[in-house]
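Let's take a walk through a protein together.

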Amino acid sequence: MPIQPTSKIWHNGNLIPWDKAQIHVMSHVVHYGSSVFEGIRCYAQPQGAAVFRLPEHMQRLIDSAKIYRMTLPYSLDQLSSAVVELIEVNGVAPCYIRPIALRGYGEVGVNPKHSPIEVYIANYPWGKYVPGDDGADVCISSWNRLAPNTMPSLAKAGANYMNSQLIRMEADLNGYAEGIALDVNGYLSEGSGENLFIVRNGVIYTSPLANSVLAGITRDSVLTLARHLGMTVVEQAMPRELLYIADEVFFTGTAAEVTPIRSVDRITVADGNIGPITKQLADEFFGIANGLKPDRFGWLTPVNVSVEQAVSV
């Protein structure tokens with residue numbers, strides 16, 4: 001989906017025009033992928049708009065930066081407040097929010113210590129991420145996720161997404177909406193930008209963090225909702241073939257939200273329709289995000305923006 005420019009971008013504590021948010025071609029990030037970032041959604045509400053799990057996303061940005069020895073000059077509260085300020089100034093909601101911390105123009109060399117750290121936050125309209133209105137048709141990728149102790153999966157780093165690009169491009173070229181990667185030991189890991197869930201015999205399974213998966217905020221939200229609803233949840237390593245005999249399969253992610261999977265490697269999941277557990281979890285998730293159900297977990301940060309788009313179930 002093409003980026004739709006907005007008026008302002010937050011840069012190191014200041015609001016600057018969208019077209020002025022530029023970096024030099026010799027910036028460290030361009031040559032070495034030295035960035036960490038977040039993806040956050042702001043949802044329409046009956047009486048305005050709200051950002052979904054803003055503090056948790058910003059804490060993950062801080063954690064990602066710490067893993068890569070990037071000391072951010074802003075606190076959790078400052079970063080969260082910056083997002084609210086930006087959305088209200090641009091007056092765009094619902095929207096997608098992209099904070100990014102990167103190593104800028106300083107030196108060229110693998111050691112980044114003399115390259116300054118720049119922080120930007122942008123927001124813009126964005127819709128559905130994973131193609132497929134009735135469920136996504138996906139495949140197992142020939143590309144594995146990163147092995148432990150190579151690049152840290154718990155850091156949402158720009159460089160990690162070179163691996164994701166290979167997974168997504170291969171899937172697209174072969175006629176699939178998305179690819180699912182295995183880890184270095186051949187167990188199910190995740191999609192190019194989504195966590196993976198499987199339902200079998202009423203039990204919800206998902207890969208643990210040790211299987212080279214990102215600690216997804218939406219993943220955590222779905223786990224919380226499932227347990228709150230009394231569902232059985234198991235985090236364990238899973239073999240590939242479990243996908244082929246699953247009753248339900250779905251993705252989660254800020255971009256993907258809760259996306260049902262219709263087929264894997266052209267093997268239909270059950271009858272090909274969204275399963276009851278996936279639907280119940282999706283209804284709960286979107287109900288809270290869109291303000292149609294009580295925010296019983298304190299996940300929403302209100303923003304003062306008038307929303308023209310109607311909110312519906």
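Before we start on the surface, one term: a nonpolar patch is made of residues with over 30% relative accessible area and no salt bridge, whose nonpolar side chains are joined within 5 Å. Keep in mind, too, that this is a predicted model.

With that in hand, find I23, V25, M26, V30, Y32, Y105, V108 and V110: they make up a nonpolar patch on the surface. Together they have about 770 Å² of accessible area. Let's zoom in on one of them, Y105. You'll spot Y105 in the loop between β6 (95–103) and β7 (117–124). Is Y105 buried or exposed? Its relative accessible area is 52%, so Y105 counts as exposed, the cut-off being over 50%.

Now for a contrast, hop over to E257, which sits in strand β15 (residues 257–264). E257 has a relative accessible area of 14%, and because buried means under 20%, E257 is buried.

Finally, let's head for the largest nonpolar core, which has 29 residues. Which parts of the chain build this core? At least two residues each come from β4 (40–45), β5 (48–52), α2 (54–67), α3 (76–90), β6 and β7. The largest share, six residues, is supplied by α3. Inside the core, C42, V51, I87 and I97 have the most contacts. Take C42: among the residues touching C42 are V51, I87 and I97, along with A49 and V303.

Definitions and conventions: Residues numbered from 1 in each chain as written. Predicted model: local features only at pLDDT ≥ 70, side-chain atom pairs only at ≥ 80, totals over all residues. Heavy atoms only, no water. Patch = residues over 30% accessible without salt bridge, like charges linked within 9 Å, V, L, I, M, F, W, Y side chains within 5 Å. Areas by Shrake-Rupley, 256 points an atom, 1.4 Å probe, with all protein chains shown as cover. Salt bridge = Lys/Arg side-chain N within 4 Å of Asp/Glu carboxyl O. Helix = DSSP H or I, 4+ residues; strand = E, 2+ residues; numbered from the N terminus. Buried < 20%, exposed > 50% of the residue type's maximum accessible area, 1.4 Å probe, protein only. Core = buried A, V, L, I, M, F, W, Y, C linked by side-chain atoms within 4.5 Å. Contact = heavy atoms within 4.5 Å. Lists of a residue's contacts leave out its neighbours within four places in sequence.
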